[in-house]
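This briefing covers strand pairing and helix packing. The sequence and structure come first.

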Amino acid sequence: MSAESFLGILIHSWSQSTAKALEFHLDGDYLIGGLFDIHLVDDSVYLSRPETIDCSSQLFSLSSYRRSQLMRFSVAEINNSTNLLPNVSLGYELFDQCSDTKNFPGILNLISYNGLIQPWNEPHRNLSHSHKVIALVGPFTSTDTLAVAPLFMPDLIPVVSYGAASSAFSQKNRFPSFLRTVHSNKEVIDVMVSIVQHFSWRWVAFLNSDNDFGIDGLELFRARIKDTDICLAYTKGLNDNTNYSEVFKQIEAQKINVIIVFSTNRNGEALIESAIQLNNRNKVWLTGDTWSLNKKLLKMKGIEDIGTVLGVSQPVIAIPGFSDFIYSTTNQMAFQNTEENMFCNQDCNCSSLSPDDIISMDPSFSFAVYSAVYSIAHALHNVLQCGAFKCNGNTKVYPYMVLEELRKSNFTLLNISLQFTEDGDPKFGYYSIVFWNQRGDAQEVGFYRFFPSVSFFINTSKIQWYTNEEVPTSVCSSECPLGYAKTQNGIHKCCFNCEICPNGTYINSAEDSYNCISCKDTEWSKEGSTSCSLRLVEYIPFTDTSAIVIMVGASALVGLILATSVLFAINYNTPVVKSAGGPMCFLVLSCLCLCTLSVFFYFDRPTDSYCVLRFLPFLLFYTVCLACFVVRSFQIVCIFKIAAKFPKLLNLWMKYHGQWLLITVAFIIQAILITIGYSISPPKPYNDTYWYADKIILGCDLNLQGTSGSLALLLSLCCLCFIFSYMGKDLPKNYNEAKAITFCLFLLIFTWIVFATVSMLYHGKYIHTFNALAVLSSLYSFLLWYFLPKCYIIIFQADKNTAQHFQGLIQNYTKTVSQ
């Protein structure tokens, strides 16, 4: 048989069956209830007492009427099928649910049997006849469903809604027998947020119906954008009393360019009509699936002036045979409804409708109704254990059995595999993303698929923005330039000031655009950086030219010290060696040699031992050197000036070996001070990152608190030495050891003043070279200006290295002083 012949037979069968079928009722072996808001009640009407309402006198909704006809068509198609429920007829009982609070008679009729309702707290006498229907298709809105569904839940009568999208219905503890063939608000909100993020809109308004559906959408939207960079700048619940002029003033005052509308079809129409009338222009409107395909608004005059309208819609799936069904049944139904007795709210009052009016109406939720009826039919098919030609007529069908099979649904309808999740939500379908073009059509420009995995696509080139080619922007504050961090201005994170990140920090906008992140100690960055760079590590290696020069100088110093020691040992009994200090000379020269060790530890990468040896030899043994020169300068002054006036003091000094006692005490005190200081805070490697942003200068941290005692002792000895040596500045010319010591001290002081000045002005790696040079200069000052002149006399002026020569100098000085 050809497809044309089969379709002709099907249409003939429909027309024959209408003789017995009313628009709201059809007899059958099993009844399915249906609730459709064919008329809409004005909720603002105040009633002084509870009462039912005649829905047919209210505002007519052609789109809802179209959906009711889809259910009739679906049942008729199933009854004429030889594969689904063979030899079993489905019937329906439809009601016009125009209000959620004023037309319960129809709902009570569905859960009754012979006009009686079995109380829930009493056991059923005859369970097979406890309800009129085995399942319910509908209601459409979330508010209506919240009012109706609890009446069906106690007896587990399946409620398969084709429009209730509130997330509350996914809670199976509250709605155990609820299923739906539309995606929940949560998924619609996911699609909307994905669109907003795709176009980088950050500053949006959210207008929602002031009912369960809209409030649920608002709460889901707030939760969804919590961890995003989208800000909800303005929100308003829409109802029949909304002042749209004030709404648009608020949106304009806050410079919001994107308006998300999550409302019923009725509120959506009122909103857009107001926008046109109030000349609200140049906005992006993003609407949900309730009215994104509203043909009335699509063709409305002035719709192109309000801006760009994008919508999230259920895909338009053509239902084969539906148009033919409408053409064959519309006129006959209108005639019959006027003659038959009908139950409350089973009157359409729509005799003036033409088939073209119905067919051309908003096709939204068509497949949702179609699949809801087929889901129930397939579940009943499984309960009745139907085969290819007949079903098991002996099986008693209870609603809970249909519910159990509904949950396990797995069949194909119009090439779509229908299944439900554990929460009763559809495990199939997708959303289309539409654009209202200038021809008055809802043009598909993208999609959002849920199963088997999430996929999202928008063809932006198909969208004609009100800004011509550019995508409109909607932000509270413009994005900060690279290297700038946001500082929130007000309660919204989208409103901010931009502040450049300082040196040593960077901004990573992908992770946190509000805080500058500090670089690590080993990294650096310029002002306004987006990343850190490794610092250049600097120190003076042994191979550095300056290091080589200084180490050669230190080695030469050691060589000169050894040579001087040998020369002094050979000429130990000569007057020059004795006047220089005799055995004390060898102690000074030995300490100078040991101090030289410090110089070699100013180079290469510092370690803990390097830092200790950099300072310890010099502090300890240079103390001995200074103590020796203090003693020596005191002895010179004592011989020439104090001995005559204080002979007992000289005797005591000589008797108790005062010079060695003073040197030993100074050495012991310095050793104790160094031990205590190093115990508290030993010198350790230090990475200097303060003075240079891009460098790390490796050095040793000498804690002044730990070394202050040692330095104070050195300074004290230096002062004493200077005082005693200065007192002997007028001694005999060729015997003036005091003058040599004074000059050495001047060089010593000058060297460290220069080093202190350089260290305040320069902080690079060569500061350690200057430090080593200062140490070496301090050692050379005593060797060159105290010992070297004496070596010269020993080698080249032997006539002055005699006892007679020194006695003559002393006698001449004594005569001069006595005169």
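**Sheet, hairpin and packed helices**

Eight strands make up an open sheet of mixed pairing, ordered β10-β9-β11-β12-β13-β16-β17-β18. From one strand to the next the twist averages 20°. The model is predicted: local features need pLDDT of at least 70, side-chain atom pairs count only at pLDDT 80 or more, and totals for chains, interfaces and linings use all residues. Residues are numbered from 1 along each chain as its sequence is written, and side-chain values use heavy atoms, with hydrogens and water left out.

**Terms**

- Helices (H or I, at least four residues) and strands (E, at least two) are DSSP runs numbered from the N terminus.
- Two strands pair if DSSP finds at least two bridges between them.
- Contact means heavy atoms within 4.5 Å.
- Axes are lines fitted to C-alpha atoms, for helices over the stretch in contact; angles run from 0 to 180 degrees between N-to-C directions.

**Within the sheet**

- Strands β9 (residues 203-209) and β11 (residues 258-262) run parallel and are joined by five bridges.
- In this pair, L207 stands opposite V261 of β11.

**Helices across the sheet**

- Helix α5 (residues 185-198) lies across β9, β11, β12 (283-287), β13 (307-313), β16 (430-436), β17 (442-449) and β18, at about 170° to β11.
- Helix α7 (residues 244-253) lies across β9, β10, β11 and β12, at about 180° to β10.

**Hairpin**

- Three bridges pair β21 (residues 505-508) with β22 (residues 512-518) in the antiparallel sense.
- The two strands, β21 and β22, form a hairpin with three residues between them.
- Y506 stands opposite I517 in β22.
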